[in-house]
Amino acid sequence: MKAHYGYKDGAGDFFVTIDTDRCLVCEDRRCVPACPSGVFEIIVDDYDDEVAAVVEDHRKTLKYSCAPCKPDRDRPPLPCIAACAPGAISHSW
Amino acid sequence: MPEYWRWTEQRWHDQDRDWHDGELVTAGVDVGSVSSQAVIVVDGELYAFASRRTGSDSPESAKRAMDWALEGTGMTLDDIGFVVGTGYGRVNVPFSNKAVTEIACHARGANFMYGPSVRTVLDMGGQDCKVIRCDERGKVTAFAMNDKCAAGTGRGMEVFADLLAVSIEEVGELSLQVEEEPPPVSCTCVVFAKSEATGLLREGWPKSKVLASYCSAMSHRVSTLLEQVGVEEDFAITGGIAKNVGVVKRLENEIGVKALKTTYDTQIAGGLGAALFAQNLLRKQRGAS
Amino acid sequence: MMITAGIDVGAKTIKAVVLRDGDIVGKAMTLAGFDARESAEQAFSSALAQAGITVDDVQHVVATGAGRRYAPHAKGDISEVSSAVKGVIERHPAARTVIDVGAEEGRAIRCNEEGNVVDFALNEKCAAGAGAFTEAMSRALEVAVEDLGSMSLTSTNPIPMNAQCAVFAESEVVSLLHARTPKQDIARAVHDAIASRIVSLARKVGFAPEVVLVGGLARNVGFVDSLQRALGCAVVVPNDPEYFGAFGAALAARNV
């Protein structure tokens, strides 16, 4: 399943997408500690799969939650994407 | 004082069905920020439902919806084998056995209401907008839910209806009464679009033209959310917005796909899906024992 | 002697500043209303009248603001980011962070000792990110927007605001009122909410003292309080905070 967490408002699209089929195979779950804002958590979803998700409190403020890792210039690789071995995480901006 | 999303409270049950001979009697309760639905399913068939305004207390709203669904059926809560709670207040349904997300419930409910061919569901509720992709069993394969921004939600549409002193039910039809389609309002933000519309009215734009401009902007906004998740046919629209022909028609044009129709009340999709989840869980429970 | 003018055509208000050799000799503010061009003319005329001069005495006019194309007599224009920093640095040379919150846009700008813009971050196109938010909430609370700030300072009870949208926040305020939440607590929550969305911008550009706050929302004492708490440092609020854009544009006009 492709879970798009986040929102769309007047300023743009701010979604963090987790491909749970890829996420399932991961044992390390390094995305959780890698994010300085604590955006990720591991949940048991509706189909009883243990997968990563965006913490509820961050879903409506992603533009701000992710801002520390997204300077306008010289943007380094995002820590969450770098930490995700199965390549399950993507950002819309 | 802003008014809430307006709709009628209603209930229904199948008077020709005697639920006593049913093997699996389950229920789903969908507590949304504006409305709450309780749905009862007996052996995979819709038996009863009730839709009520959500009050300030979620557990109380869940109970009120459930009580009304049961009314006149001779059934009590004890006769129900498994209850699944969903929606914004899903963690607050005290008599539920499990909570399942509104995304999963909506997919399952749409699968029932529109048939196993449905693959993409757009739900525009009172305070959110969801796009859900599912398979032939109603299992979610992708989703996006936007409950941060009022644009593309029932509440956003209501702000415009109030501005133009038009009832929410009239918005769609009135927006189609234009000879030529005007350009969409340039602001996505409902607050700024409202200012823009006030200016247009001052310039002499008739209400129909302003509504056409807004419905056009809304359908475009929703279409981009749909494109992000991807639209695969068959396509269905649930929630209050399904009744707004102004948005539905423009959206269908924009994505080049027509939405399926259903005879069921589109508002019960979440609760119905929850009741079907409950049925599966009850079956598993009994199979295990 | 050099006379220049700056006109800041904002979403809600239009500000005009007239400078004579770097001193402000005339300033005026009008509501943008439905005819921004006409309102801009009015603001400019008022400022000129205050200065006791006519448009012919003005060497150059520079415009800024979202509606700068409506500014009369402007020879050039500069961005809101540039004009805010120019204006602030002139009066506060120690400023290294400028926070400018108007009716429809919020900005956090990092500048250096030379007064040049190093980085900036914006809240745009969303009412929750700027003054339109507090205005909408004051309507929901049935309190005059000028009184909202001082009311919020009497609150001792912080409560969270879940909505991140002005429209949904209005519904949330109505619910809170129904639940008999004291108005001052709601008012404080409103200011904490918008402050948090502004502070995120400031963190994005990496704020450093002195932090100077300008723009219309600087007049809101509740917002200033919430902002200082969220930043964890003092914020300088100059007099006439709304005029810094026009002031900066008038300064830029000296170099045309």
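This is a predicted model: local features need pLDDT of at least 70, side-chain atom pairs count only at pLDDT 80 or more; totals for chains, interfaces and linings use all residues.
V98(C) sits opposite V212(C), a residue of strand β9(C). Strand β6 of chain C (residues 97-101) pairs with β9(C) in the parallel sense, and the two share four bridges. They belong to an open, four-stranded sheet in chain C with mixed pairing, in the order β8-β7-β6-β9. At its edges are β8 (117-123) and β9 (211-214) of chain C, each of which pairs on one side only. Ignoring direction, neighbouring strands of the sheet are turned by 15 degrees against each other on average. A helix goes with this sheet too: α6 of chain C (residues 183-205) lies across β6, β7 (106-111) and β8 of chain C, and runs at about 25 degrees to β7(C).

Where the two domains meet, 16 residues of domain 1 of chain C are in contact with 23 residues of domain 2 of chain C. On the domain 1 side, helix α2 of chain C (residues 80-91) gives the most, with eight residues. By class, that side of domain 1 has eight nonpolar, four polar and four charged residues.

Chain C also touches chain B: 18 residues of chain B are in contact with 18 residues of chain C. On the chain B side, α3 (154-163) and α5 each supply at least two residues, and α5(B) gives the most, with five. The chain B side divides into ten nonpolar, five polar and three charged residues.

Helix α5(B) has a partner within its own chain as well. The axes of α5 (residues 190-202) and α6 (residues 207-229) of chain B come within 10 Å and cross at roughly 155 degrees. With an angle over 145 degrees counting as roughly antiparallel, α5(B) and α6(B) are therefore roughly antiparallel to each other. The crossing of α5(B) past α6(B) is right-handed. On α5(B), the contact is made by A193(B), A197(B), L200(B) and L201(B), while α6(B) brings V210(B), Y214(B) and A217(B). Sorted by class, this helix contact comes out as seven nonpolar residues, with no polar and no charged ones.

Notes
Residues are numbered from 1 along each chain as its sequence is written. Chains are lettered from A and ligands numbered from 1 in the order in which they are written. Axes are lines fitted to C-alpha atoms, for helices over the stretch in contact, and angles run from 0 to 180 degrees between N-to-C directions. Angles under 35 degrees count as roughly parallel, over 145 as roughly antiparallel, 65 to 115 as roughly perpendicular and the rest as oblique. A crossing is left-handed if the near helix is turned anticlockwise from the far one by less than a right angle, and right-handed if clockwise. Two residues are in contact if their C-beta atoms, placed from the backbone, lie within 7 Å. Ala, Val, Leu, Ile, Met, Phe, Trp, Tyr, Cys and Pro count as nonpolar, Asp, Glu, Lys and Arg as charged, and the others, Gly among them, as polar. Two strands pair if DSSP finds at least two bridges between them.
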